[in-house]
Amino acid sequence: MLRQAFIVTEAFILRCLQHHRLKIIYLLHPISAALLLFVVGFYVWYEMLYILPEMCDTHGRFYMLNCFLAVYLLHNILGNMICCWRTDTSFLAVAKGRRQPLASEAHLWHLCTHCQMLVPPRTWHCRLCNTCILKRDHHCNVTANCIGHANQRYFIAMLVNLTLGNVVAFFYNFFYIFKVRLPFFSDPLILLSRFEGFDPVQYLNSLKTDPNWLIINGIILKLCVFSMVFVASQLGIQLFMVSRGSCMYAIRDRSYDLGFWANWQMVLGKRMFWTWLSPLISSPLPKDGTQWSMASNNYTKKPA
């Protein structure tokens, strides 16, 4: 029954993509990008103008250090997001001389029934982008394109900095609530305690603490935990996939697993993890996305 439900759901999604592709692109992509920008901007505004001034001197070195950290994170999040969006990782972005297979590698290429042309190994069609993507990982609504061979570096760097920002925001929010010694009363469920004959407002007033402010702190803290877990899980999936030489489109395929460092070099390029410091760092990739070295070990393989 579960398998049948999955098949029906998949068929429904494919029909929606076929008949409403443009509507999905024009609605879902801008909403997703705007939501991410709003959440990032809100966290920066909330932490820098409300939380940190309660914890330290706004003219001190610690506050200045956090201002620098906020600028650094914004630079990396927005910069990698823009670079990911602007980088064309489709098969049509390859030089014309490489759009036809060499005689020695023709048996590795396969026909895309949507584009009606031969494409290299690890190249798959995206129904939303309506083109074939080199080493397609998945379609990202936030960046409004597919994550693949040429832009996966920017996507992972964006997730790294989003995770770091969420961890910093969670630490400061939790520390602030712990500092006022009222972690329990920061929960919105405080309103239910009125029915127990206990007036939390009177208690909080005795400590000169605004209960509404603590309720807002509690809500934001919970949203911070949710966003941190969500982004960190996406980052964990990417780290796991890259480390084993596979991608989300073909999770079980490890036929291109060349080892930890070689796999990461295929994604990050010549300068490897230094690219996480800034999206402006140039790091040429060792492959053009049409040729791939096969692993010597025999892993479970999904046909290209």
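Helices (H or I, at least four residues) and strands (E, at least two) are taken as DSSP runs and numbered from the N terminus. The model described here is predicted, so that local features need pLDDT of at least 70 and side-chain atom pairs count only at pLDDT 80 or more, while totals for chains, interfaces and linings use all residues. Residues are numbered from 1 along each chain as its sequence is written, and side-chain values use heavy atoms, with hydrogens and water left out.

Grid points are joined across faces, edges and corners, and a volume is the space filled by probe spheres set on the points.

The largest pocket has a volume of about 990 Å³ and is lined by 41 residues, with Leu36, Val39, Leu162, Asn166 and Val231 lying nearest its centre. At least two lining residues of this pocket come from each of helix H2 (21–55), helix H3 (61–86), strand S5 (138–140), helix H4 (152–179) and helix H6 (211–243), and H2 gives the most, with 12 residues. When Ala, Val, Leu, Ile, Met, Phe, Trp, Tyr, Cys and Pro count as nonpolar, Asp, Glu, Lys and Arg as charged, and the others, Gly among them, as polar, the lining of the largest pocket comprises 30 nonpolar, 10 polar and 1 charged residues.

The structure also holds 1 cavity of 30 Å³ or more, and the largest cavity contains about 120 Å³ of space. Its lining is formed by 13 residues, of which Arg122, Lys135, Gly245, Asn263 and Met266 are the closest to its centre. H6 and helix H7 (260–268) are the elements that give two or more residues to this lining, the largest share, 3 residues, coming from H7. By class, the lining of the largest cavity divides into 7 nonpolar, 4 polar and 2 charged residues.

Helix packing was described with axes fitted as lines to C-alpha atoms, over the stretch in contact, and with angles from 0 to 180 degrees between N-to-C directions; angles under 35 degrees count as roughly parallel, over 145 as roughly antiparallel, 65 to 115 as roughly perpendicular and the rest as oblique. H3 and H4 pack at about 150 degrees, with their axes 8 Å apart, and are therefore roughly antiparallel to each other. H4 and H7 pack at an angle of about 100 degrees, with axes 7 Å apart, and are therefore roughly perpendicular. Their contact (heavy atoms within 4.5 Å) is made by Gln152, Arg153 and Ile156 of H4 and Trp264, Val267 and Leu268 of H7.

Conventions
1 Å grid on protein atoms, 1.4 Å probe; cavity = no way out; pocket = protein on both sides within 12 Å on 5 of 7 lines; lining within 4 Å.
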